[in-house]
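User: Can you walk me through the aromatic rings here? I'm new to this one.
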Amino acid sequence: TMVASTANAAQGGGANASEAKPAPSRIYLDTYLETVQNLPAEVQRILNTLKDLDATSQDLEFQAERKAERCLELPPQSSRNTTDEQKKELATLRAELDRLHNMLHLLANEKVELTKTAYELLQGHIDVLDEEMVKFDSEITLNTAQQELQQLHQEQADALAQAQAHSIREKSAPVSTTVRETSSTRDVGIKQGDQVAARTSARGEPDVWVIARVMDISSDERTFTILDEDTEEGGESSVHTLPAKQILKLPKAKERKQPKTFSDGSYVLAVFTGTTTFYRAYVMQQAKWQAKNGIWGPYVLAFDDDDDVNNPGYAMNRTVPFHHVVALPRDFKLG
């Protein structure tokens, strides 16, 4: 009954999801809460069934103990002093013990299956919650960035209007820019809303690469407007307009066919543990495809100047998620 009700609930949820339009951020969690309204009752039914099975098992164990004690009180069947009546009773007791042991075995298997059902039920909802939280966080980030992007566009429009006011002759002329004739995008397939690695440092300065989100792409795909997702409060604007050569696409751990993976002994650009900043690192162990989970596993990397305090002279080996490792630019400049 529990499995059937869970399956029906899952089928119903799937139908609604296919017909409904994407929910705005304010109701992501409300939608999820609607799907788990019946969850406490379903879990409670499983727990109650387990409790009943435990009570039945204890009763059967008590009966088995009493019958075993009676068997020990009777003389062995091979004894000359054993009467036919005692032999018959002993045979009956042994048959009853076999029956009780079989029932206890069946009840134990049933409890294991119920426990698995409860675990799968809860794990499924946990996975859905994780997905909803990612959508919710992304929506909040996008909303904030859209506001900052709108403000930046307004500032650019005001600056352009002031420049046009100073020269009537330049009013209708296009803004002159110097663009090197290179490929339109350094990485193919970057879309608005994607997370990327972005170099925010000025030309000539040591490279500073951070995790950023693409907010806008120029029509010729030569410039990207990005949001630095870890700008300190009160600091400079978190929105930057950068050329395509300062943008690197982040790999996706769930895509089996990746354009490039990095072998042991190669240098890469990777996010340092606990930060949103990329640093140069040396590949100690390359990522491997985990067929069971359907994702790429992490890299084991050694970052520059990251010494192991327990082993002086050796670098600390750190595990870095697959999607936080990209190719080291040829012109990378160390600080």
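Analyst: Start with a definition: a charge sits over a ring if NZ of Lys or CZ of Arg is within 6 Å of the ring centre and within 35 degrees of the ring normal. Keep in mind that this is a predicted model.

User: Which ring has the charged end of R280 over it?

Analyst: The ring of Y267 does. The charged end of R280 is 4.4 Å from the centre of that ring.

User: Switching topic. How many aromatic pairs are there?

Analyst: The structure has seven. Take W289 and W296: the ring centres are 5.6 Å apart and the planes are at 70°, so this pair is edge-to-face.

User: Is W296 buried or exposed?

Analyst: W296 is buried, at 11% relative accessible area. W289 counts as partly exposed, at 25% relative accessibility.

User: And how do the rings of W296 and F322 pair?

Analyst: They are stacked, because their planes are at 10° and under 30 degrees counts as stacked. Their centres lie 5.2 Å apart.

User: Where do those two sit in the chain?

Analyst: W296 is in strand β9, residues 295-296. F322 is in the loop between β11 (315-320) and β12 (325-327). The pair therefore ties together parts that are 26 residues apart in sequence.

User: What about F322, buried or exposed?

Analyst: F322 counts as buried, with 3% relative accessibility.

User: Which residues do ring pairs link into a cluster?

Analyst: The cluster holds F262, W289, W296, Y299 and F322.

How values were computed:
Residues are numbered from 1 along each chain as its sequence is written. This is a predicted model: local features need pLDDT of at least 70, side-chain atom pairs count only at pLDDT 80 or more; totals for chains, interfaces and linings use all residues. Side-chain values use heavy atoms; hydrogens and water are left out. Rings of Phe, Tyr and Trp (its six-membered ring) pair if their centres lie within 6.5 Å; planes under 30 degrees apart count as stacked, over 60 as edge-to-face and the rest as tilted. Buried means under 20% relative accessible area, exposed over 50%, partly exposed in between (1.4 Å probe, protein chains only). Helices (H or I, at least four residues) and strands (E, at least two) are DSSP runs, numbered from the N terminus.
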